[in-house]
Amino acid sequence: MTRKIVSVILEFAVALSAAVGVALTAAMGVNGFLYFTVQSNLWVAAVLLVFAVWQTVQLRRGGEIPQWLWSIKFVFTVSITLTGLVFCAVLAPTMKGAFNSAANVLTHVVVPLCSVADLFVAKRRTDAKTAWWSLAPPIYYLGFASLGYVLKWDFGYGANYPYFFLNWGSPVGAFGFGGGGEYFMGTFWWILVMLALVSGIAFLYRAILNRITKAKN
């Protein structure tokens with residue numbers, strides 16, 4: 001019972017933090033929906049809000065959440081983990097005052113941390129197929145951002161790409177190496193790194209979940 005209550009609190013915290021963070025982003029005049037950050041925040045917030053309501057209703061009845069819904073939760077938790085890691089480890093070091101923005105902190109730190117915490121509080125065995133499905137949101141976004149590049153969407157500040165690692169007009173091209181700063185390798189190689197990172201996160205989470213649920217049993 002205690003575990004479910006903690007899970008519900010974390011899930012409502014994710015939904016609220018994502019809603020406020022996305023609203024603050026919109027108030028800055030940026031078309032945030034074009035970015036993986038906002039999309040991944042909305043995905044995980046929507047799913048965890050469903051979980052929170054479901055678990056609140058079922059708290060006394062002891063009903064079990066379907067496995068397919070857990071799989072969706074797992075997939076979007078991996079996506080929001082990617083959002084947090086990429087921002088904190090790759091983007092924030094190049095941005096002055098990156099953590100001075102409430103929108104940044106909520107969407108890149110609070111939502112990812114609470115989502116991951118909830119995944120392991122709720123804990124359920126997860127199969128390899130679900131882990132592989134975690135690649136679907138980043139692959140979708142790759143297509144989305146690439147379409148935006150071709151159609152010259154304005155992702156902000158006149159750029160037709162959302163992140164430097166998805167800039168098909170990189171100084172070193174798609175497959176090159178040796179550019180300055182973050183452009184030390186081309187977009188294709190960045191994409192491979194990102195997909196490998198997502199796979200690594202997904203299978204690490206699966207291994208931990210399966211280990212702790214086995215220990216519980």
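**Salt bridges, aromatic pairs and a buried threonine**

The side chains of lysine 73 and glutamate 11 meet in a salt bridge, with 3.1 Å from N to O. The model discussed here is predicted.

Colleague: How many residues apart in sequence are the parts that lysine 73 and glutamate 11 tie together?

Modeller: Lysine 73 belongs to helix α3 (residues 67-91), whereas glutamate 11 belongs to helix α1. Both residues are buried. Because the partners sit in these two helices, the pair ties together parts whose separation in sequence is 62 residues.

Colleague: What distance separates the closest N and O atoms of aspartate 118 and lysine 73?

Modeller: Aspartate 118 lies in helix α4 (residues 102-122) and lysine 73 in helix α3, 45 residues apart. These two residues form a salt bridge, and their closest N and O atoms are separated by 2.6 Å.

Colleague: Is aspartate 118 buried or exposed?

Modeller: A residue counts as buried when its relative accessible area is under 20%. The value for aspartate 118 is 0%, so this residue is buried.

Colleague: Is the aromatic pair of phenylalanine 164 and tyrosine 183 edge-to-face or stacked?

Modeller: The ring centres of phenylalanine 164 and tyrosine 183 are 6.1 Å apart, with 80° between the planes. Planes over 60 degrees apart count as edge-to-face, and those under 30 degrees as stacked. The pair of phenylalanine 164 and tyrosine 183 is edge-to-face.

Colleague: Is phenylalanine 175 buried or exposed?

Modeller: Phenylalanine 175 forms a tilted aromatic pair with phenylalanine 188, at 5.0 Å centre to centre and 45° between the planes. Phenylalanine 188 is partly exposed at 30% relative accessibility. For phenylalanine 175 the relative accessibility is 54%, and the cut-off for exposed is over 50%. Phenylalanine 175 therefore counts as exposed.

Colleague: Which residue has its backbone oxygen 2.8 Å from a polar atom of the side chain of threonine 25?

Modeller: Threonine 25 is placed in helix α1 (residues 2-27) and counts as buried at 13% relative accessibility. Not counting residues up to four places away in sequence, threonine 25 touches Val30, Gly32, Val38 and Ala103. The backbone oxygen at 2.8 Å from its side-chain polar atom belongs to glycine 21.

Colleague: Which element of the chain has the lowest mean pLDDT?

Modeller: The mean pLDDT of the chain is 92, and 96% of its residues reach 70 or more. Among the elements, helix α5 (residues 128-133) has the highest mean, 98. The lowest mean, 93, belongs to helix α7 (residues 187-216).

Conventions: Residues numbered from 1 in each chain as written. Heavy atoms only, no water. Helix = DSSP H or I, 4+ residues; strand = E, 2+ residues; numbered from the N terminus. Buried < 20%, exposed > 50% of the residue type's maximum accessible area, 1.4 Å probe, protein only. Polar contact = N/O pair within 3.5 Å; in protein donor to acceptor, adjacent residues only side chain to side chain. Contact = heavy atoms within 4.5 Å. pLDDT = per-residue confidence, 0-100. Phe/Tyr/Trp six-rings, centres within 6.5 Å; stacked < 30°, edge-to-face > 60°. Salt bridge = Lys/Arg side-chain N within 4 Å of Asp/Glu carboxyl O.
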